[in-house]
Amino acid sequence: MIDKLEFFIAVAREQSFSRAAEACGVTQPTLSAGIKQLEETLGVLLVNRSSRFHGLTSEGERVLEWAKRIVGDSRAMRQEVRALKSGLTGLMRIAVIPTALSMVAALTTPFRAKHPGVRFSVTSANSHEILQGISNLEIDAGITYLDNEPLGTVRSLPLYIEQYRLLTSAGSPFADNKSVTWAEVGRIPLCLLTPDMQNRRIVDQLLASTGGARPEPTLESNSVIALYAHVKTGQWASIMAEKLVETLSIAEPIRSIPIIEPQAVHQIGLVVPRREPMTPLTATLFAEAKKLIAPRL
């Protein structure tokens, strides 16, 4: 039954029988047969299909929620049994918004020092993808914004406050200022993250709050490294999170200038599935995160 539920979750996620079969490491006939057996067991049609996937039925949507719970609990049980037998092992999957990638090592490094049998997969994702990944059991935890857009059904832990800086080069407008306002920043050409990133939506809101027209960026990228590389040419400016700027070790001729008026801060934190008990891996990560913020509490 657990395998069949795994198949069903994969089909709902991939919206394709062939891609779901590939993700599950089985042939498409095996996957299709498993879902058909699941439908026969439950006595309802779960998937609208002919030769292709055409979405879930209303019963399928409800069964999907139960399937995620059951599969999640099954994985947690197996993980806990392995931990009791041989210590904490396995793969910890973490997705992180681009502006927070620089702080992940503060979590993973002490974690691995205590549990060398654990491996990590750290990927960059936007806030929507992180919440979707948790819902679909594709990741174990995420680091994202906590206070700007709805989080849904996750458990969260605040880690730090995000503040913003203008990155520009010597000789450019405002390069010698000790601080700049959002209104001033809105008057210069900028390279920014893509609109699917919550950081970009926050920046757009702040620029619009000054009463001016929302500026069109001269370049967009989903990579903060790409933005930084353009600023380093001396021909571009960007807005970046303060903690990220600290990690990049900004030096001349790049200038990092605090943006004020209005003073803007947003809460960044750890999000994990709302499940009790938590899996051993997730519980350990949550405990390490609490230690990380303890000195500031």
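The structure holds two cavities of 30 Å³ or more; on a 1 Å grid over the protein atoms alone, a cavity is a set of points where a 1.4 Å probe fits but cannot get out, and lining residues have an atom within 4 Å of a point. Grid points are joined across faces, edges and corners, and a volume is the space filled by probe spheres set on the points. This is a predicted model, in which local features need pLDDT of at least 70 and side-chain atom pairs count only at pLDDT 80 or more, while totals for chains, interfaces and linings use all residues. Residues are numbered from 1 along each chain as its sequence is written, and side-chain values use heavy atoms, with hydrogens and water left out.

**Stop 1: the largest cavity**

Select Thr 99, Leu 192, Leu 193, Asn 199, Arg 200, Val 203, Val 224, Leu 227, Ile 239, Met 240, Ala 241 and Leu 244, which line the largest cavity. About 60 Å³ of space lies inside this cavity. Strand E9 (191-193), helix H8 (198-208), helix H9 (224-232) and E11 each give two or more residues to the lining. Helices (H or I, at least four residues) and strands (E, at least two) are DSSP runs, numbered from the N terminus.

**Stop 2: strand E11**

Next, select residues 238-241, strand E11. Both faces of E11 are covered: Ser 238 and Met 240 on one side, and Ile 239 and Ala 241 on the other, are all buried, that is, under 20% relative accessible area (1.4 Å probe, protein chains only). The bridge partner of Arg 165 in E11 is Met 240.

**Stop 3: the five-stranded sheet**

Now display the open sheet of five strands, ordered E4-E3-E5-E13-E6 with mixed pairing; two strands pair if DSSP finds at least two bridges between them. Its edge strands, E4 (118-124) and E6 (154-162), each pair on one side only. On average, neighbouring strands of this sheet are turned by 20° against each other, direction ignored. Helix H5 (residues 105-114) packs on the sheet, touching E3, E4 and E5, and its direction makes about 170° with that of E4. Contact here means heavy atoms within 4.5 Å; axes are lines fitted to C-alpha atoms, for helices over the stretch in contact, and angles run from 0 to 180 degrees between N-to-C directions. Within the sheet, strands E3 (residues 90-96) and E5 (residues 141-145) run parallel and are joined by three bridges. Select Ala 95 to find its bridge partner in E5, Gly 142.

**Stop 4: the largest pocket**

Select Arg 75, Gln 79, Arg 93, Leu 137 and Asp 140, which lie nearest the centre of the largest pocket among its 26 lining residues. A pocket is an open set with protein on both sides within 12 Å along at least five of seven lines. The volume of the largest pocket is about 500 Å³. H1, H2, H4, E3 and helix H11 (280-293) each give two or more residues to its lining, and the largest share, five residues, comes from H4.

**Stop 5: helix H1**

Finally, select residues 2-14, helix H1. Its buried residues are Leu 5, Glu 6, Phe 7, Phe 8, Ile 9, Ala 10, Val 11 and Ala 12. The elements covering them include helix H2 (17-24), helix H3 (28-42), strand E1 (47-49), strand E2 (53-56) and helix H4 (58-86). After H1 comes Gln 15, whose phi is positive, near 55°.

Definitions and conventions. The expected span of a helix is 1.5 Å times one less than its number of residues. Buried means under 20% relative accessible area, exposed over 50%, partly exposed in between (1.4 Å probe, protein chains only).
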